[in-house]
Amino acid sequence: MKKLLPLIVIAVLTGGLASCSSKKKPNVIIATKYEKPAPQGPIRTDDYKDTQSFKWLDRDYVCSIERIADDSLPMVKDETGQLFVDNRVKLTISRADGSVFFNRMFTKSTFNSYIDDDFRENGILEGFVFDKVEGNEVRFACSVTRPQSDEYIPLVLAVTRNGDIAIARDTRMDTELEDDSDTDDSGV
């Protein structure tokens with residue numbers, strides 16, 4: 001055992017020295033460099049057509065909405081330099097006998113008074129859908145949006161029975177609940 005003791009001490013000391021002399025590894029993080037994608041050719045929104053029948057002032061009508069990407073309109077550029085083609089929307093309201101009551105083409109400039117400078121420069125006319133008939137008006141929901149973004153300005157376009165239009169910002173939120181007097185919230 002006495003012969004083994006010096007060997008054990010030498011082994012322990014050698015192991016201790018070896019652990020003290022090892023180098024610590026640096027905390028190196030390897031990451032690839034992000035390169036902004038190069039803009040591609042102008043992006044066009046898909047063309048869209050919808051037809052909706054409705055009853056208005058005790059008569060049957062049909063509205064047709066056609067959205068077309070229009071290269072003749074000024075293009076919009078996002079923060080990466082990507083170009084987008086703006087849209088033109090044709091709204092036609094016809095009577096049951098097929099005669100045209102209302103026919104007009106809309107562009108983003110139609111809504112200039114209702115959008116800010118940022119959306120005038122960086123937005124496109126994207127949404128345009130039939131909403132409802134309310135009294136003497138047929139209402140449509142419209143929107144000017146930043147391309148490929150969730151940011152938009154909601155608008156309401158109303159066509160009167162005389163064929164005039166009225167435009168306003170839509171201040172209603174889709175998530176607002178209508179006033180329901182039958183609801184009792186006292187237990188909440």
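The accessible surface of the chain comes to about 13600 Å², and carbon and sulfur atoms account for 51% of it. The chain has 188 residues, of which 28% are buried. The average pLDDT of the chain is 85, and 76% of the residues score at least 70. Residues 175–188 have a pLDDT below 50, and beyond near neighbours in sequence this stretch has one contact in the model. Where pLDDT is low, the predicted coordinates should not be read in detail.

Next come the elements of the chain. There are two helices and 10 strands. Read from the N terminus, their order is α-β-β-β-β-β-β-α-β-β-β-β.

Some of the strands can be followed into a sheet. Four of them form an open sheet with antiparallel pairing, in the order S1-S2-S5-S6. Strand S1, residues 48–56, and strand S6, residues 100–106, stand at the edges; each has a single partner strand, so one side of each is left without a neighbour in the sheet. On average, neighbouring strands of this sheet are turned by 15 degrees against each other, direction ignored. In general, strands of a sheet pair through backbone hydrogen bonds, either parallel or antiparallel.

Is Asp 116 buried, exposed or partly exposed? Its relative accessibility is 34%; buried means under 20% and exposed means over 50%, so Asp 116 counts as partly exposed.

What does Asp 116 touch? Leaving aside neighbours within four places in sequence, Asp 116 is in contact with Ile 153 and Arg 169. Asp 116 and Ile 153 are 37 residues apart in sequence, while their C-alpha atoms are 9.2 Å apart in space. The side chain of Asp 116 also has a polar atom 2.9 Å from the backbone nitrogen of Phe 119.

Conventions:
Residues are numbered from 1 along each chain as its sequence is written. This is a predicted model: local features need pLDDT of at least 70, side-chain atom pairs count only at pLDDT 80 or more; totals for chains, interfaces and linings use all residues. Side-chain values use heavy atoms; hydrogens and water are left out. Two strands pair if DSSP finds at least two bridges between them. Helices (H or I, at least four residues) and strands (E, at least two) are DSSP runs, numbered from the N terminus. Axes are lines fitted to C-alpha atoms, for helices over the stretch in contact, and angles run from 0 to 180 degrees between N-to-C directions. pLDDT is the predictor's confidence in each residue, from 0 to 100. Contact means heavy atoms within 4.5 Å. Buried means under 20% relative accessible area, exposed over 50%, partly exposed in between (1.4 Å probe, protein chains only). Accessible areas come from the Shrake-Rupley method with a 1.4 Å probe; for residues, only the protein chains shown count as cover. A polar contact is a pair of N or O atoms within 3.5 Å; within protein, one must be able to donate a hydrogen and the other to accept it, and residues adjacent in sequence count only if both atoms are side-chain atoms.
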